[in-house]
Amino acid sequence: MVLAYHPKPGTTPTRYPHRARYDSETVHQILDEALTCHLGYIRAGRPVVLPTMHVRCGETLYIHGSSGSGPMLAAKAEGLPVCVTATLVDGLVLARSAMHHSLNYRSAVVMGTAHLVDDREQKLQVLRALLDHIRPGRSVDCRPPTRRELAATAVLALGLAEVSAKVRSGGPVDDPEDCALPHWAGVVPLTLTAQTPQPAVDLDLATPLPTYLR
């Protein structure tokens, strides 16, 4: 079922509002395809933005981190107001004029109050989902975390309530008077492609390559 998120002041762009998307299908697709996100919060009165890993489970976004990191410690009391962004770059847009160069992209912004996941079983479930977000099937093909490793890992839960996506696609938009200029214009498509897996130097040569990596 495709849900619709309601535009709010924090998720309504002031530039190119026609590029905004509020349907869950677009938002979910961006969050699920992106392998990293950026977590923004206020620390000691100053904004801090950190790159990290995430996974979406239903209408909740989970953020991975060390239990001793700044945002995880700050969220212990009553939760942490955050802004999480994920961006996918799909192409370089080259125009005839310098001003109209751009990127084709898909981005998602999630705002709200994030809370620590304290329940052990829920945390384990989220961490398994995180591994499968990296590569489907990986969670059952590795050693699970020990009690100590689990204690050193923290997970923030952020509901998908204040959410928006923004999408730019298509070619350059030059001014009509520039279209006759002798400069190449168009799009250079970009994709993130997995290369041939490289085994660890100490891997037993008899260990087969998992089917999910082929």
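**Surface, cysteines and charged contacts in the predicted model**

A nonpolar surface patch of about 500 Å² is formed by V89, L92, L103, W184, V188 and L190. Patches consist of residues with over 30% relative accessible area and no salt bridge, where nonpolar side chains (Val, Leu, Ile, Met, Phe, Trp, Tyr) are joined within 5 Å and like charges within 9 Å. Accessible areas were computed by the Shrake-Rupley method with a 1.4 Å probe, and for residues only the protein chains shown count as cover. The structure is a predicted model, in which local features need pLDDT of at least 70 and side-chain atom pairs count only at pLDDT 80 or more, whereas totals for chains, interfaces and linings use all residues. Residues are numbered from 1 along each chain as its sequence is written, and side-chain values use heavy atoms, with hydrogens and water left out.

W184 is exposed, at a relative accessible area of 57%; the classes are buried (under 20%), exposed (over 50%) and partly exposed (in between), with a 1.4 Å probe and protein chains only. Of the 214 residues of the protein, 34% count as buried.

The protein contains four helices and 10 strands, assigned as DSSP runs (helices, H or I, of at least four residues; strands, E, of at least two) and numbered from the N terminus. Along the sequence, the elements follow the pattern β-α-β-β-β-β-α-β-β-α-α-β-β-β. Taken along the principal axes, the C-alpha atoms fill a box of roughly 65 × 50 × 40 Å.

A total of seven salt bridges was found in the whole structure, each defined as a side-chain nitrogen of Lys or Arg within 4 Å of a carboxyl oxygen of Asp or Glu. One of them links D32 and R56, with an N to O distance of 2.8 Å. Because D32 is in helix α1 (residues 24-33) and R56 in strand β4 (residues 54-57), this pair ties together parts that are 24 residues apart in sequence. D32 is partly exposed, with a relative accessible area of 33%.

Another salt bridge joins R106 to D90, with the closest N and O atoms 2.8 Å apart. R106 lies in strand β7 (residues 102-116) and D90 in strand β6 (residues 80-94), so the contact ties together parts that are 16 residues apart in sequence. R106 is buried, at 16% relative accessible area, while D90 is partly exposed, at 26%. A salt bridge is also present between the side chains of R143 and E149 (3.0 Å, N to O). R143 is exposed at 55% relative accessibility, and E149 is partly exposed at 34%. Salt bridges that share partners join E33, D90 and R106 into one network.

The structure holds zero disulfides, a disulfide being a pair of cysteine sulfur atoms within 2.5 Å. For C83, the closest cysteine sulfur is that of C37, at 10 Å, which is too far for a bond. C83 is partly exposed, with a relative accessible area of 26%, and C179 is also partly exposed, at 43%.

With regard to aromatic residues, R19 lies over the face of Y16, at 4.1 Å from the ring centre. A charge is assigned to this position if NZ of Lys or CZ of Arg is within 6 Å of the ring centre and within 35 degrees of the ring normal.
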